[in-house]
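Please keep the sequence and the 3D view open while going through them.

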Amino acid sequence: MSSAVFDLTCELIRRPSVTPEDAGCLALIGERLAAFGFRIEPMPFGPVSNLWAVHGTAGPTLAFAGHTDVVPPGDPAVWTSPPFEPTVRGDHLYGRGAADMKGSLAAMVTAAERFVTSHPDHPGRVAFLLTSDEEGIAVDGTVRVVAELVRRGEVPDWCIVGEPSSKSVLGDLMRNGRRGSLNGRLHVQGIQGHVAYPELARNPIHQALPALDALRAITWDEGNEFFPPTSFQISNLTAGTGAENVIPGTLECWFNFRFSTASTAAGLQARVRAILDGAGLDYRLDWQLSGAPFLTGRGRLVQATCEVVDEMLGVTPELSTGGGTSDGRFIAPAGAEVVELGPVNATIHKVDECVRIADLDRLSAVFEGVLERLLK
Ligand SMILES: [Zn+2]
């Protein structure tokens with residue numbers, strides 16, 4: 001039970017790189033890639049290790065992106081085998097990071113090694129954009145490296161993020177975008193008073209209710225091929241003094257938009273303000289954009305990756321914009337086409353995390369296949 005991908009996955013699992021620690025993973029990967037002619041550029045920011053590595057000189061760039069850090073294992077005693085000791089049981093390799101995402105890293109590295117060996121003078125550039133800060137706060141990781149690449153005019157054309165995207169079999173799902181998230185905090189100012197003398201008060205609940213109901217009822221957009229319609233949800237609504245005979249002086253309402261690329265944050269904000277202004281409210285509204293939506297449509301990367309998965313794995317990948325966040329949110333806005341493709345995600349972040357051993361070589365073959373298709 002050994003292959004270049006399997007062996008490298010095991011070596012990475014042995015390094016206890018609990019976020020944001022890298023524990024030597026990037027040095028190991030950098031040495032491997034350097035031996036195959038990659039130019040290695042460590043890009044540390046703060047306590048975070050990052051790596052940018054390039055093979056080739058001109059033409060379009062296909063970058064593999066990923067993270068060496070893992071989430072904490074929790075109590076190791078609960079694991080069937082120690083979390084940082086790669087262990088084979090049945091068809092699977094167990095260890096923290098096996099699926100998220102050291103198996104993918106090993107698949108990328110070995111795919112690139114084979115590709116540059118068989119095509120030493122390939123057109124375009126093969127690159128790696130790796131960080132040790134994805135599972136944590138992610139402020140000194142990919143976002144900083146991308147800012148530097150933007151500054152240099154060196155943003156990749158295509159980027160494959162090795163996040164474990166698959167549901168039940170390798171390749172059955174690929175992510176090509178995600179929804180945006182926009183938070184609003186509304187403060188409505190009224191005039192407190194006695195409920196028996198409403199003419200001497202201004203009730204912020206009565207004033208806000210029609211406006212909130214209007215916001216609730218709006219169809220913000222219809223979504224599009226890859227996204228469901230934008231959703232608006234009120235998460236907190238607070239007013240009242242606790243007394244039955246007092247009209248409250250203020251109302252607080254928190255709400256959230258999960259929005260598609262059919263809307264923009266600025267557009268949603270303008271529509272909300274128009275409704276609140278139309279209702280004559282005396283209000284203050286604070287916004288926090290936690291992430292803009294992004295989408296990679298059916299361009300060359302999506303097409304090439306789908307075709308390779310189809311041919312090599314016999315699976316037609318579903319394109320999805322669901323799931324949690326990934327570093328794709330930092331790479332796509334810089335102008336790269338981005339897809340996420342990796343192993344089955346059933347055990348990620350869990351006790352006894354594992355990856356199907358056969359999938360390691362198959363994933364590496366898919367990555368090599370995409371290189372063959374795009375850098376020819
Ligand atoms: Zn991950």
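**Notes on the predicted model**

1. Domain 1 and domain 2 together bury about 770 Å², and 66% of this is on carbon and sulfur atoms; buried area here is the accessible area (1.4 Å probe) that two parts lose on being put together, summed over both. Of the area that domain 1 buries against domain 2, R178, P293 and L295 supply 61%, more than any other three residues. The model is a predicted one, in which local features need pLDDT of at least 70 and side-chain atom pairs count only at pLDDT 80 or more, while totals for chains, interfaces and linings use all residues. Residues are numbered from 1 along each chain as its sequence is written, and side-chain values use heavy atoms, with hydrogens and water left out.

2. Domain 1 covers 4–178 + 293–374 and domain 2 covers 180–291, with bounds that come from an automatic or database domain assignment. Their C-alpha centres lie 41 Å apart, and nine residues of domain 1 are in contact with nine residues of domain 2, where contact means heavy atoms within 4.5 Å.

3. Between domain 1 and domain 2 the count is one salt bridge, a term that means a side-chain nitrogen of Lys or Arg within 4 Å of a carboxyl oxygen of Asp or Glu. R298 forms a salt bridge with E225, and their closest N and O atoms are 2.8 Å apart.

4. How many salt bridges does a search of the whole structure find? The search finds 19, and E41, R125, E148, R151, R152 and E154 are linked in a network of them. The side chains of D282 and R202 also meet in a salt bridge (3.5 Å, N to O). This pair links distant parts of the chain, since D282 is in the loop between helix 6 (265–278) and strand 15 (283–291), whereas R202, 80 residues apart from it, is in the loop between strand 11 (193–194) and helix 5 (204–217). Helices (H or I, at least four residues) and strands (E, at least two) are DSSP runs, numbered from the N terminus.

5. In helix 5, R216 and D213 lie three residues apart, about one turn of the helix, and their side chains meet in a salt bridge (2.8 Å, N to O). R216 counts as exposed at 55% relative accessibility, while D213 is partly exposed at 40%; buried means under 20% relative accessible area, exposed over 50%, and partly exposed in between (1.4 Å probe, protein chains only).

6. The largest nonpolar core has 58 residues, and those with the most contacts inside it are L62, F128 and F367. Such a core is a set of buried Ala, Val, Leu, Ile, Met, Phe, Trp, Tyr and Cys residues joined through side-chain atoms within 4.5 Å. Helix 3 (residues 98–118) gives the most to this core, with eleven residues. Leaving aside neighbours within four places in sequence, F128 is in contact with several residues, including F38, W52, F64 and M108. Another core, of 20 residues, lies apart from the largest one, and among its residues are L182, F255, L268 and V272.

7. A disulfide is a pair of cysteine sulfur atoms within 2.5 Å, and by this rule the count comes to zero. C159 is in no disulfide, as the nearest cysteine sulfur, that of C306, is 16 Å away. C159 is buried, with a relative accessible area of 0%, and C306 is also buried, at 17%.
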